[in-house]
Amino acid sequence: MIIQVLLIGGLLLCLLYAFMQNQKSRLLSKAISIIALTGIYLVLFPEHTNGLARFVGVGRGADLVLYCWLVISLIVSMHLQLQILQLQGLITELAREMALQGARRSLDEGGTGTHLGT
Amino acid sequence: MGQKSQAVDLWVVIPAFNEGPVIGKVVMAVRALCHNVVIVDDCSGDDTGAQALEAGATVLRHPINLGQGAALQTGIRYALSRGAGYIVTFDADGQHRPEDIGVLLDTQVKTGADVVLGSRFLGHAENIPRLRRMILQLAVVYMHITSGVKLTDAHNGLRLLTRRAAERIRITQARMAHASEIIDQIDALGLTVVEAPVTIVYTEYSLRKGQKLGNAFNILIELFVARLNK
């Protein structure tokens with residue numbers, strides 16, 4: 001089926017990405033790999049999701065995949081949120097440092113009116 | 001205070017964002033009483049920095065706009081690096097009276113407190129709009145309930161920090177919620193705090209600008225959000 005080819009293509013790209021990320025973060029790389037491999041397996045054998053779904057108490061396999069996807073998205077967005085906050089803190093520190101380095105004092109105070117290293 | 005020499009290690013930190021029309025006057029008025037004035041220009045689009053420089057202040061400029069809380073922290077850090085013994089935070093829009101810096105200092109000397117907060121409700125608030133008074137009093141009640149610090153004015157930009165306090169307080173709330181953050185930290189760090197009566201002059205400019213309470217309602221929201229983010 002065409003959809004299977006498309007999905008597997010996308011998941012293989014994920015695997016490739018995970019492989020390239022391996023040096024940056026082992027954990028993240030492993031997590032992506034496992035999710036992508038599971039995805040490929042379920043795309044190839046969709047009937048297996050139904051059995052798994054019934055086992056955990058969900059009606060259809062497709063629903064189970066959707067729920068899992070939802071949870072993964074939430075985790076990812078929280079992770080991003082934390083990173084943004086961290087970045088904001090770093091940017092603030094950086095901007096503050098620049099401001100402190102560039103302190104200026106007026107001429108009549110014995111300053112140069114321009115740059116004043118601290 | 002009176003004489004400059006008495007307060008050689010007193011630094012006045014004024015965060016400013018687009019205050020070009022008034023900043024020069026404010027700096028000159030403060031410098032008449034206190035020599036060390038540092039303006040933190042929070043990436044203003046107007047000539048705030050140049051005006052402040054001309055009026056004799058030391059000017060620090062954020063390369064990007066970070067908010068008033070961040071500007072205060074920058075100024076405090078600079079003042080500490082210059083050996084400040086006392087740091088006064090002061091608003092740029094002309095709503096504070098320079099004479100009140102002396103009141104804060106006297107109060108500190110008398111009580112030995114780590115932090116002296118200006119209170120418009122112990123002192124005077126000239127032309128304070130009724131809604132603003134109400135919102136500010138709500139904020140006071142809120143701070144009292146949530147942090148246990150009993151104050152009459154929770155959102156006054158005029159405060160005095162001793163070096164000991166300034167070294168410990170870390171303002172991380174970049175925007176307006178820093179006022180309550182400071183009070184929270186005073187409480188958490190076990191610093192002693194007293195209030196001193198000061199006068200707030202609600203000029204037409206400061207009201208229009210609405211630096212502190214542009215939309216009075218926002219501050220309550222920010223207080224709430226800041227609490228959630230902890």
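This report describes the two chains of a predicted model, their contact and a few individual residues.

## Basis

The model is predicted: local features need pLDDT of at least 70, side-chain atom pairs count only at pLDDT 80 or more, and totals for chains, interfaces and linings use all residues. Residues are numbered from 1 along each chain as its sequence is written, while chains are lettered from A and ligands numbered from 1 in the order in which they are written.

## Chain A

Chain A holds four helices and zero strands, in the order α-α-α-α from the N terminus. Helices (H or I, at least four residues) and strands (E, at least two) are DSSP runs, numbered from the N terminus. Of its 118 residues, 8% count as buried. A residue is buried if 20 or more other C-beta atoms lie within 10 Å of its own, exposed if 12 or fewer, and partly exposed in between, with C-beta atoms placed from the backbone.

Chain A is divided into domain 1 (1-44) and domain 2 (62-103), with bounds from an automatic or database domain assignment. The C-alpha centres of these two domains of chain A lie 23 Å apart. Among contacts in chain A between residues at least 6 apart in sequence, 15% join residues at least 24 apart; two residues are in contact if their C-beta atoms, placed from the backbone, lie within 7 Å.

## Helix α4 of chain A

Helix α4 of chain A covers residues 61-101, and its 41 residues should span 60 Å at 1.5 Å a residue; the end C-alpha atoms are 60 Å apart, which agrees. The expected span is 1.5 Å times one less than the number of residues.

Buried residues in α4(A) are L64(A), T92(A), A95(A), R96(A) and A99(A). The buried residues of α4(A) pack against α3 (46-56) of chain A, and also against β2 (36-41), β3 (58-61) and α3 of chain B. Y17(A) belongs to helix α1 (residues 2-21) of chain A and is partly exposed, with 13 other C-beta atoms within 10 Å. The C-alpha atoms of Y17(A) and A99(A) are separated by 39 Å, at 82 residues apart along the chain.

## Contact between the chains

The contact takes 14 residues from chain A and 18 residues from chain B. On the chain A side, five are nonpolar, four polar and five charged. Here Ala, Val, Leu, Ile, Met, Phe, Trp, Tyr, Cys and Pro count as nonpolar, Asp, Glu, Lys and Arg as charged, and the others, Gly among them, as polar.

## Chain B

Chain B has nine helices and seven strands, and 52% of its 230 residues count as buried. Among its contacts between residues at least 6 apart in sequence, 77% join residues at least 24 apart. In helix α3 of chain B (residues 68-81), 12 of the 14 residues are buried, including L72(B), I76(B) and Y78(B). Just after α3(B), G83(B) takes a positive phi of about 85 degrees.

## Positive phi in two loops

Most residues other than glycine have a negative phi. N18(B), in the loop between β1 (10-16) and α1 (20-31) of chain B, has a positive phi near 55 degrees. N18(B) is partly exposed, with 18 other C-beta atoms within 10 Å.

C43(B) lies in the loop between β2 and α2 (48-54) of chain B, and its phi is positive, near 60 degrees. With 17 C-beta neighbours inside 10 Å, C43(B) counts as partly exposed.
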